[in-house]
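Open your viewer and get ready to select residues by number. We will walk through the model a stop at a time.

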Amino acid sequence: MDKKIKDLQKIKSIRFIISIIMIIASSLLQVYVINVFMNPCNLLSSGFTGVAILLNKISNLFGFNFSTSLGILALNIPAALLAYKSVSHRFTLLSCIQFILTSVFLQFLDFSPLFDDLTLNVLFGGFLYGMSVVLALRANGSTGGTDFIALYVSNKIHKSIWDYVFIFNCSMLIIFGYLFGWEHAGYSIIFQLISTRTISNFYQRYEQITIEITTNDPEVITEAFMNNFHHGMSVITAYGGYSKKRFYLCKTVVSSYEVRDVVDCIRSVKPDALINTYSTLNFYGKFYQKPIE
């Protein structure tokens, strides 16, 4: 069954259809969170969507209405052009579909609040808002705005910068607190922290994992690995303290999303190999990062 699913995922048209479904789900979930958890509690969302909401609130102070939907489009289009030139055409297309759908859904969809309690709205809303971003990222798209920028920079330095995105959001919330009250700004910061942590925990494209394989036949393992992955592999001669026999350690560092495929590849050619995986805190040197489609 798993093999059939993987074979289907290799077909570009199938992958694109799945991505579109996830993008639509991301937009619906984002609008649901805004209507159900954020608006009733006067919370501010992250990124350019949050900037658009803030501009809408500021415009109301001066007696006119700057539409949040229009703000989302106006802010995201320049960032989309940056991503189009520097990241990926497919990524940009999916991201544009996401923020355009979000803008449209905000105009025509309305959901009733679930909770009267502010704390529950912050907790559930922060988590679900983060998941709406994760859905878009896992579809190889984004929710636009700071996601464009975060993915662009992350691809350059091969590290996640979501913590810096959180700092940007906090700066925006300071302006929000100064103009509209510090209590709601404080709750919004907690909301953003929860959503940012959710993204970091569920989207780990830039986490690196060391794979260590213990075997008596390194040639078959290195050949299978080098034929299927764009990473190097070191082979170290070792000695068993219990068996008193010589064996080999094959070591490599891969991205977290490649681990399952590497393990399956190794076990297909050497089922009796011992495989150990552990997180790599820092990796210095050249590292192949599969480009976003």
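Here is a short tour of some helices and a sheet.

This is a predicted model, in which local features need pLDDT of at least 70, side-chain atom pairs count only at pLDDT 80 or more, and totals for chains, interfaces and linings use all residues. Residues are numbered from 1 along each chain as its sequence is written, and side-chain values use heavy atoms, with hydrogens and water left out.

**Stop 1: helix H3.** Select residues 47–61, helix H3. Helices here are DSSP runs of H or I with at least four residues, and strands are runs of E with at least two, numbered from the N terminus. At 1.5 Å a residue (times one less than the number of residues), the 15 residues of H3 should span 21 Å, and the end C-alpha atoms agree with this at 22 Å apart. Buried residues (under 20% relative accessible area, 1.4 Å probe, protein chains only) in H3 include Phe48, Ile53 and Leu54. Just after H3, find Gly63, which has a positive phi of about 85°.

**Stop 2: the sheet.** Now show the open sheet of 4 strands, ordered S2-S3-S1-S4 with antiparallel pairing. S2 (234–239) and S4 (274–280) are the edge strands, each pairing on one side only. Strands pair if DSSP finds at least two bridges between them; S1 (residues 208–215) and S4 have 7 bridges.

Conventions
Buried means under 20% relative accessible area, exposed over 50%, partly exposed in between (1.4 Å probe, protein chains only).
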